[in-house]
Amino acid sequence: DFLGTTALMLAAYYDHSEVVRQLVCVDGVDVNKMSAFCSSALTTAARRGHLDVVRWLLATPSIDVHKPDAYGDTALVLAIRAGHSAIEDLLRARGAT
């Protein structure tokens, strides 16, 4: 849309893990794209506690676990702040700091 929100971002926001699984396999889908609100699918899913969505995103080789949102917060920081320890563990296992 005009705000740069993609189908992947919407699927991450609404915890549609099966849709995320399918979208990350599509050629040309930028899993690190930021919306006009400077949020990515990963930062959105981490903040909202969507564990299966985070798993699918982390399974994508090109995912950038260090990419911050508009406020400088990474997916790891957002997961910790929201108390999503399982997501924190997944992100740390993928090298997030």
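Leaving aside its neighbours within four places in sequence, which residues is Thr60 in contact with? Hello everyone, let's start there. Thr60 is in contact with Val24, Val31 and Arg94, where contact means heavy atoms within 4.5 Å. Its place is the loop between α4 (51-58) and α5 (75-82). Helices here are DSSP runs of H or I with at least four residues, numbered from the N terminus. At 8% relative accessibility, Thr60 counts as buried; buried means under 20% relative accessible area, exposed means over 50%, and partly exposed is in between, with a 1.4 Å probe and protein chains only.

A word on where this comes from. This is a predicted model, in which local features need pLDDT of at least 70 and side-chain atom pairs count only at pLDDT 80 or more, while totals for chains, interfaces and linings use all residues. Residues are numbered from 1 along each chain as its sequence is written, and side-chain values use heavy atoms, with hydrogens and water left out.

Now to the tyrosines. A search of the whole structure turns up one aromatic pair. The ring centres of Tyr13 and Tyr14 are 4.8 Å apart and the planes stand at 75°, so this pair is edge-to-face. For the cut-offs: rings of Phe, Tyr and Trp (its six-membered ring) pair if their centres lie within 6.5 Å, and planes under 30 degrees apart are stacked, over 60 edge-to-face, and the rest tilted. Tyr13 is partly exposed at 35% relative accessibility, and Tyr14 is exposed at 52%.

Together with Leu10, Tyr13 and Tyr14 make a nonpolar surface patch of about 320 Å². Patches take residues with over 30% relative accessible area and no salt bridge, joining like charges within 9 Å and nonpolar side chains (Val, Leu, Ile, Met, Phe, Trp, Tyr) within 5 Å. A salt bridge, in turn, is a side-chain nitrogen of Lys or Arg within 4 Å of a carboxyl oxygen of Asp or Glu. Leu10 belongs to helix α1 (residues 7-13) and is partly exposed, at 44%.

Which residue lies over the face of Tyr13? That is Arg48, at 3.8 Å from the ring centre. Elsewhere, the charged end of Arg21 sits over the ring of Trp56, 5.9 Å from its centre. A charge sits over a ring if NZ of Lys or CZ of Arg is within 6 Å of the ring centre and within 35 degrees of the ring normal.

His50 brings us back to the tyrosines. Not counting residues up to four places away in sequence, His50 touches Ala12, Tyr13, Tyr14, Asp15, Ala45 and Ile87. His50 is in the loop between α3 and α4 and is buried, at 10%. One of those partners, Asp15, has a phi near 60°, a positive value in a residue other than glycine. Asp15 sits in the loop between α1 and α2 (17-23) and is partly exposed, at 36%.

Last stop, helix α3. Is Leu42 buried or exposed? At 3% relative accessibility, Leu42 is buried. Leu42 is in helix α3 (residues 41-48), and its contacts beyond four places in sequence include Val54, Leu57, Ile63 and Leu91. Arg47, also in helix α3, is partly exposed at 35%. Arg47 and Leu76 are 29 residues apart in sequence, with C-alpha atoms 8.7 Å apart in space. Beyond its four-place neighbours, Arg47 is in contact with Ser39, Leu78, Ala82 and His84.

Definitions and conventions:
Accessible areas come from the Shrake-Rupley method with a 1.4 Å probe; for residues, only the protein chains shown count as cover. Helices (H or I, at least four residues) and strands (E, at least two) are DSSP runs, numbered from the N terminus.
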